[in-house]
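Reader: Hi! I'm new to this one, could you walk me through it?
Author: Happy to. Let's have it on screen, and then just ask away.

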Amino acid sequence: MKRPALIFAGLTLLAVSFLFFTVVYAVRWSGKRVSNPQPSAWEADALPVELLPQQEWGKPRESLASIISTSSTRGKIMNLPSIKGTAWLNSRPLTDSDLKGKVVLVDFWDYTCVNCIRTLPYIKEWHRRYKDYGLLIIGVHSPEFPFAKEIENVERAVKSFELSYPIVLDNNFAIWRSFGNSYWPAKYIFDANRRLRYYHFGEGEYQETERTIQALLKEITPSLNLLPTVEPIKDTDVPGAVCYPVTPELYLGYERGRIGNQEGWTPVRSFNFHADRAIIDHIFYLDGWFTVLAYGVRYVGGKEKPYGRLFLNYQGYEVNLVMHPPEDAPSDLKVEEGSSAIAGEKRTLGLVEVYQDGKALTPEIMGEHIKLINGFSVVEVGVPQMYNLVKNPDVRLHSLELRFLTPGTEAYAFTFTSCALPPN
């Protein structure tokens, strides 16, 4: 009886070993092909993609940065790929010859991304300080949502953010893939010889990034006398700022989102949702007639109620929501007196009332895009962008209710601020 058992155990061990080898090999191989593709723009002597940092559980994105020494990469250096996009703003299309002899900072961003938006003041200042000393900043706009592919929307955002350096639209993610990039925002700095010398994913490390710019500029002109690095522009960047656990980014569409309602809705078809049960924290629920799209939800109106509602129990300092106005908002929108901020008014905007903990927002916690209209806290959705809804003094659990008043208004993704200076 022992011998067959040993044979069986041996065969089992062999099968498990084979399975382990197969899985590990497949994971390693698929990781190269899918997670970090190695496209043709990476030359034969480029830095192998596996040497670029990968996001690790429990490791903040702010720490994903590194200065690359040309003497420590065994001759394996990523060369700057050609930058060829859908369209250019603030510049004619730049060629390889335009980049020759420059320190080039490539910034991958999206105009609706809150993490990207918070880095822009620093990038603008670096452009102002160093553009005459050989720094060339190229903002690569890789869109997270379909409407962010439209040049007029990007132009509006570039003007609003007062960006004057070259911006290239990367609507088909060709530049993104040529870098093997995986993050918004992501910064890559190349020296005058087109070699990758620094990268950073996410927010933070602004002084380290600027010191790298200065060092690479001095490689071109050693006699340069440059200013000290930029002081923290935002309170949350000051040493001592504390970051707390908050509700993670929430996507509202069926491709990446999770709706708390357990009803039998169908994607891209209008459905009458009911949120009449206790809700789970950090998951959103709908009430009323909505259509669930790939990237978000659209309020479609209904006769039962003059509005549709979204509920969410969240934790965070600030609440942001990417929204899109109605494509063809009714010009005679009118709802019952006393139940809406716009009763009796004619509007063509997408209007959304915002409530926290069962009450309209007070001036102390109103976000940047909130207005008080007839005693109601309202956001006017006029263009597709990120809207800042709430600014809390602390981080604790709150209940959020949005009332969509205008059929056709769309909501895409929530983000929540986690960092602040501790009270004195």
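Reader: Let's start with holes. What volume does the largest cavity have?
Author: The largest cavity comes out at about 30 Å³. Keep in mind that this is a predicted model.

Reader: Okay! How many cavities of 30 Å³ or more are there in the whole structure?
Author: A search of the whole structure turns up one.

Reader: And which residues line the largest cavity?
Author: Its lining is made of Tyr251, Gly253, Glu255, Arg256, Ala294 and Tyr295.

Reader: Where does Arg256 lie relative to Tyr251?
Author: Arg256 lies over the face of the Tyr251 ring, 3.9 Å from the ring centre. Elsewhere, Arg403 lies over the face of Tyr355, at 4.7 Å from the ring centre.

Reader: Nice. New topic: strand β3. Is strand β3 largely enclosed or open?
Author: Strand β3 covers residues 103-109, and seven of its seven residues are buried, so the strand is largely enclosed by the rest of the structure.

Reader: Which residues sit on each side of β3?
Author: On one side you have Val103, Leu105, Asp107 and Trp109. On the other are Val104, Val106 and Phe108, and both faces are covered.

Reader: Which way does β3 pair with β4, parallel or antiparallel?
Author: β3 and β4 (residues 135-141) pair in the parallel sense, over seven bridges. Within that pairing, Val104 stands opposite Leu136 of β4. Between the two strands the chain passes through helix α3 (residues 114-130), and this β-α-β crossover is right-handed.

Reader: What about β3 and β6, parallel or antiparallel?
Author: Those two run antiparallel, with five bridges joining β3 to β6 (residues 186-190). As an example, Asp107 has Lys187 in β6 as its bridge partner.

Reader: Where is Lys131, by the way?
Author: Lys131 is in the loop between α3 and β4. Its relative accessibility is 36%, so Lys131 counts as partly exposed. From Val103, Lys131 is 28 residues away in sequence and 9.6 Å away in space, C-alpha to C-alpha.

Reader: Let's switch to rings. How many aromatic pairs does the structure hold?
Author: There are 24 aromatic pairs. One of them joins Phe108 and Phe179 edge-to-face, 5.2 Å centre to centre and with 75 degrees between the planes.

Reader: Which parts of the chain does the pair of Phe108 and Phe179 tie together?
Author: Phe108 belongs to strand β3 and Phe179 to helix α5 (residues 174-179), so the pair links parts that are 71 residues apart in sequence.

Reader: Are Phe108 and Phe179 buried or exposed?
Author: Phe108 has 0% relative accessibility and so counts as buried. Phe179 is buried too, with a relative accessible area of 0%.

Reader: What about Phe108 and Tyr188, how do they pair up?
Author: Phe108 and Tyr188 are also edge-to-face, at 5.9 Å centre to centre and 85 degrees between the planes. Tyr188 lies in strand β6 and Phe108 in strand β3, so this pair ties together parts 80 residues apart in sequence. With a relative accessible area of 0%, Tyr188 is buried.

Reader: Which residues make up the cluster that ring pairs link with Phe108?
Author: Alongside Phe108, the cluster holds Phe173, Trp176, Phe179, Tyr183, Trp184, Tyr188, Phe190, Tyr199 and Phe201.

Technical notes: Residues numbered from 1 in each chain as written. Predicted model: local features only at pLDDT ≥ 70, side-chain atom pairs only at ≥ 80, totals over all residues. Heavy atoms only, no water. Buried < 20%, exposed > 50% of the residue type's maximum accessible area, 1.4 Å probe, protein only. Helix = DSSP H or I, 4+ residues; strand = E, 2+ residues; numbered from the N terminus. Pairing = 2+ DSSP bridges. Right-handed = clockwise from strand over helix to strand, strands pointing away. Phe/Tyr/Trp six-rings, centres within 6.5 Å; stacked < 30°, edge-to-face > 60°. Lys NZ or Arg CZ within 6 Å of the ring centre and 35° of its normal. 1 Å grid on protein atoms, 1.4 Å probe; cavity = no way out; pocket = protein on both sides within 12 Å on 5 of 7 lines; lining within 4 Å. Points joined across faces, edges and corners; volume = space filled by probe spheres on them.
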